[in-house]
Amino acid sequence: MFYLNILWLGLLLLWPPQKGRWIINQNSNLSVNGTTNINKFTCDIPSYGQTDTLMISKAAGDIMLSGMIGLKVLSFDCHNKMMTADLRKTLKEKEYPLLYIRFLTLDGVGDLTLSPKAINGLVNIKLAGITKRFDVNYQVSVDADNVIHLLGSKEIKFSDFNLTPPQIRRHDQNRRSIVRYISP
């Protein structure tokens with residue numbers, strides 16, 4: 001099986017919110033942890049590279065969010081040139097150069113501390129022209145500088161976005177190419 005664990009999204013947000021806004025720090029990042037029938041891999045967007053704003057409001061203990069981030073698919077680095085090219089091609093980078101994450105809600109944030117607290121939230125992810133809604137598990141904490149650290153995790157499949165995983169190739173001792181592909 002070929003899975004993407006997407007949303008190891010390290011958002012650095014300024015706290016407390018000023019005028020109903022959270023600022024997404026340009027050093028925020030995204031990692032995609034994948035599994036193939038041959039091995040595991042990690043692809044990163046090491047830095048968001050810009051700042052953005054999420055508008056917030058509170059309702060019944062939950063935080064309602066309005067805003068999104070657009071991550072450049074071209075920024076993915078799998079630490080292997082061929083794997084990076086395959087991922088970008090699979091995500092249709094030329095046709096859809098951005099992966100969008102629209103933040104919708106965070107449930108039960110409450111008081112933030114230095115120790116990470118488990119919370120849940122909803123996001124819409126738009127990838128290769130397809131938008132899907134996901135529940136995301138987060139760990140949230142605040143540091144001594146009042147910066148929120150929001151680390152989210154969600155397992156998704158390429159097939160969730162009607163994408164076909166890249167074929168993974170490996171070579172045997174006789175240098176013949178062996179392709180093993182298990183459909184999603």
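When I call a residue buried in this talk, I mean that its relative accessible area is under 20%, while exposed means over 50% and partly exposed covers what lies in between. With that in hand, please keep in mind that what you see above is a predicted model, and let me start with the protein as a whole. Of its 184 residues, 38% are buried, and the chain is arranged into 1 helix and 14 strands. The protein exposes about 10200 Å², and carbon and sulfur atoms supply 48% of that area.

Let me turn to the interior. In soluble globular proteins, nonpolar side chains tend to be buried together. In this model the largest nonpolar core has 42 residues, and Phe 76, Ile 101 and Leu 106 are those with the most contacts inside it. Strand E11, which runs over residues 130-142, gives this core its largest share, namely 5 residues.

Now to the helix, H1, which spans residues 81-90. Which of its residues are buried? They are Met 83, Thr 84, Leu 87 and Thr 90, and because they cover an arc of only 130 degrees around the axis, they lie on the same side of H1. The face turned away from that buried side carries Lys 81, Met 82 and Lys 89, which are exposed. Part of what covers the buried residues is strand E5, residues 40-45.

Thr 84 has a relative accessible area of 7%, and since the limit for buried is under 20%, we count Thr 84 as buried.

At the start of H1, a side-chain oxygen of Asn 80 reaches to within 3.0 Å of the backbone nitrogen of Met 82. After H1 comes Lys 92, which lies in the loop between H1 and strand E9, residues 98-107.

Next, please find the loop between strand E12, residues 147-157, and strand E13, residues 168-171, where Phe 161 is located. The structure holds 1 aromatic pair, and it is formed by Phe 134 and Phe 161, which are tilted, with 6.0 Å from centre to centre and 45 degrees between the planes. Phe 134 belongs to strand E11, so to speak of this pair is to speak of a link between distant parts of the chain, 27 residues apart. Both partners are buried, Phe 134 with a relative accessible area of 9% and Phe 161 with one of 2%.

Asn 162 is found in that loop between E12 and E13 as well, but Asn 162 is exposed, with a relative accessible area of 59%. Phi of Asn 162, too, is positive, near 55 degrees, in a residue other than glycine.

My last stop is Asp 143, in the loop between E11 and E12, which is partly exposed with a relative accessible area of 24%. What does its side chain reach? The side chain of Asp 143 comes to 2.9 Å from the backbone nitrogen of Asp 145, and it also makes a polar contact, at 2.9 Å, with the side chain of His 149. If we set aside residues up to four places away in sequence, Asp 143 touches Leu 114 and His 149. The C-alpha atom of Asp 143 is separated by 8.9 Å from that of Ser 115, 28 residues apart along the chain.

Terms used
Residues are numbered from 1 along each chain as its sequence is written. This is a predicted model: local features need pLDDT of at least 70, side-chain atom pairs count only at pLDDT 80 or more; totals for chains, interfaces and linings use all residues. Side-chain values use heavy atoms; hydrogens and water are left out. Buried means under 20% relative accessible area, exposed over 50%, partly exposed in between (1.4 Å probe, protein chains only). Helices (H or I, at least four residues) and strands (E, at least two) are DSSP runs, numbered from the N terminus. The arc is that of the directions from the helix axis to the C-beta atoms. Contact means heavy atoms within 4.5 Å. A polar contact is a pair of N or O atoms within 3.5 Å; within protein, one must be able to donate a hydrogen and the other to accept it, and residues adjacent in sequence count only if both atoms are side-chain atoms. Accessible areas come from the Shrake-Rupley method with a 1.4 Å probe; for residues, only the protein chains shown count as cover. A nonpolar core is a set of buried Ala, Val, Leu, Ile, Met, Phe, Trp, Tyr and Cys residues joined through side-chain atoms within 4.5 Å. Rings of Phe, Tyr and Trp (its six-membered ring) pair if their centres lie within 6.5 Å; planes under 30 degrees apart count as stacked, over 60 as edge-to-face and the rest as tilted.
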